[in-house]
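Morning, everyone. Please have a look at the structure on the screen, and then I'll walk you through it.

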Amino acid sequence: MSRIVVMDLREHNTVLAGHDRYFVLVGPDGDSHLVRDWCPHRGGPLSLSRLTPDGRRLTCPWHGTKVGVAAVRRTGLPMVRSGDEAIVLLPDTPDDVPVTLVHKRILANLPPEDPDRPGSDGPDGSAGPAGPAGTVEDCAELPALPCEEQR
Ligand code: FES
């Protein structure tokens with residue numbers, strides 16, 4: 001069963017649906033996608049990741065995996081936007097699953113990280129001084145582990 005949620009994008013940028021989290025990822029051209037807030041490595045919060053200097057990947061704050069923005073966009077939910085209002089379809093979300101709209105700080109929408117900072121990619125997207133922990137261009141590349149296994 002699917003649910004429909006109406007978001008006021010001036011007030012909300014995050015949807016919590018049961019144990020699933022989604023956040024509004026804004027592209028360089030201003031287009032927005034409601035994407036899964038879930039790193040394919042071990043479920044970390046991609047909303048708190050930063051763009052690499054080339055703007056093509058997000059660096060997960062938990063273990064440094066770099067996830068392609070295109071792969072993250074492919075996790076997007078169907079969304080129709082009109083001005084500041086967005087209508088979103090939450091698939092497989094029964095009526096008894098709690099859905100909450102919140103506003104949180106989304107670091108993924110900040111400008112790309114400084115290429116001179118240790119651990120950052122170089123300006124051409126190559127590995128920086130500390131090198132990447134991993135790179136995921138397609139979220140299907142890594143097996144997903146349930147959050148409970150992170151402890
Ligand atoms: S959970 Fe994202 S790098 Fe490990």
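From the N terminus on, the order of elements is β-β-β-β-β-β-β-α-β-β-β-β. That makes one helix and eleven strands in the protein chain. Keep in mind that this is a predicted model.

How far can we trust it? Let's take confidence next. The protein chain has a mean pLDDT of 83. 77% of its residues reach 70 or more. Over residues 125-132, though, the pLDDT is below 50. The model still gives that stretch 18 contacts beyond near neighbours in sequence. Residues 140-151 also stay under 50. For residues 140-151, the model has ten contacts beyond four places in sequence. Where pLDDT is low, the predicted coordinates should not be read in detail.

Now the chain as a whole. It has 151 residues, and 29% of them count as buried. What share of the contacts with a separation of 6 or more comes from residues 24 or more positions apart? The figure is 61%.

On to a sheet. Four strands form an open sheet, and the order across it is β4-β3-β2-β10. The pairing is antiparallel. At the edges sit β4, residues 32-36, and β10, residues 99-102. Each of these two pairs on one side only. From one strand to the next, the twist averages 20°.

Let's zoom in on one pair. Strand β3 covers residues 20-26. β3 and β4 are joined by five bridges, in the antiparallel sense. Which residue in β4 stands opposite Y22? That is R36.

Last stop: I87. You'll find I87 in strand β9, which spans residues 85-90. Is I87 buried, exposed or partly exposed? Count the other C-beta atoms within 10 Å: there are 13. A residue needs 20 or more to be buried, and 12 or fewer to be exposed. I87 falls in between, so I87 is partly exposed.

What does I87 touch, leaving out residues up to four places away in sequence? The partners are I4, V6, M79 and V80. And here is a distance to look up on your screen. I87 and D8 are 79 residues apart in sequence. In space, C-alpha to C-alpha, I87 and D8 are 9.0 Å apart.

That's my tour. Over to you for discussion.

Terms used:
Residues numbered from 1 in each chain as written. Predicted model: local features only at pLDDT ≥ 70, side-chain atom pairs only at ≥ 80, totals over all residues. Pairing = 2+ DSSP bridges. Axes fitted to C-alpha atoms, helices over the stretch in contact; angles between N-to-C directions. Contact = placed C-beta atoms within 7 Å. pLDDT = per-residue confidence, 0-100.
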